[in-house]
Amino acid sequence: MDNLPAGNLKSVLQLAVSRAQGDVTRVEQEVATWFDESMDRLSGRYKRYAGYLSLGLGAILSVGMKLDAFAVGSALWVSPVLRDQAAAAAAAAIEKGATTTPAITADVLTMFGFQSFFASFPCGMALLGCLVTAFAVSLGAPFWFDFLQSIVKINVRGTGDKPAKADGS
């Protein structure tokens, strides 16, 4: 171990060997524990960074394109024609067994009142609606799939029903 270059790894290995008092199995356990703890810390940093990044990108896109969650909700609430079109498009995607999100065309965006990128900066309730959209985007697809699946008992992912457990439950 004296031939190892100075650094964190060498100090961790020396500490593990001194704690183990010659027991090779205990050295392995010490190194495995150190590795697992290091990976847990790194995983936590990665998740925080990914969350900040998705929130930032969601904010830039939602503000830049004026993707106002309140405007979408209001448009769907007020216009039965638009609501029926959105429901028909979703039903068609489910029937096809779509595993990807269908392409959103410019005419669909203009139905909801969206504008081109940074056409004008939203303010007031529109800005708040854009920030709500950014937050919703930052939660990620797995959250929304699970949420939808708990609300509406449909197979959103197209993978079929969950198999029964071996104990019969």
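Guide: Let us begin with a definition: a residue is buried under 20% relative accessible area, exposed over 50%, and partly exposed in between. Please note also that this is a predicted model.

Visitor: Why is W144 called partly exposed?

Guide: The relative accessibility of W144 is 32%. W144 belongs to helix 7.

Visitor: What makes the nonpolar surface patch, and which residues form it?

Guide: Patch residues must have over 30% relative accessible area and no salt bridge, and nonpolar side chains are joined within 5 Å. The patch of about 800 Å² consists of L55, F135, L139, F143, W144, F147, L148, I151 and V152. Helix 6 (125-139) and helix 7 (141-151) each give two or more residues to this patch. Helix 7 supplies the largest share, five residues.

Visitor: How do you know that E30 forms a salt bridge with R19?

Guide: The criterion is a side-chain nitrogen of Lys or Arg within 4 Å of a carboxyl oxygen of Asp or Glu. In the pair E30 and R19, the closest N and O atoms are 3.2 Å apart, and therefore the pair qualifies under the 4 Å limit. This pair links distant parts of the chain, with E30 in helix 2 and R19 in helix 1 (residues 8-20), eleven residues apart.

Visitor: Why are R19 and R26 called partly exposed?

Guide: R19 has 43% relative accessibility and R26 has 34%. Partly exposed lies between the buried limit of 20% and the exposed limit of 50%, so R19 is partly exposed, and R26 is likewise partly exposed.

Visitor: Where in the protein is confidence lowest, and where is it highest?

Guide: Confidence is lowest in helix 5 (residues 106-111), at a mean of 57, and highest in helix 2 (residues 24-64), at 88. The mean pLDDT of the protein is 76. Where pLDDT is low, the predicted coordinates should not be read in detail.

Technical notes
Residues numbered from 1 in each chain as written. Predicted model: local features only at pLDDT ≥ 70, side-chain atom pairs only at ≥ 80, totals over all residues. Heavy atoms only, no water. Patch = residues over 30% accessible without salt bridge, like charges linked within 9 Å, V, L, I, M, F, W, Y side chains within 5 Å. Areas by Shrake-Rupley, 256 points an atom, 1.4 Å probe, with all protein chains shown as cover. Helix = DSSP H or I, 4+ residues; strand = E, 2+ residues; numbered from the N terminus. Buried < 20%, exposed > 50% of the residue type's maximum accessible area, 1.4 Å probe, protein only. pLDDT = per-residue confidence, 0-100.
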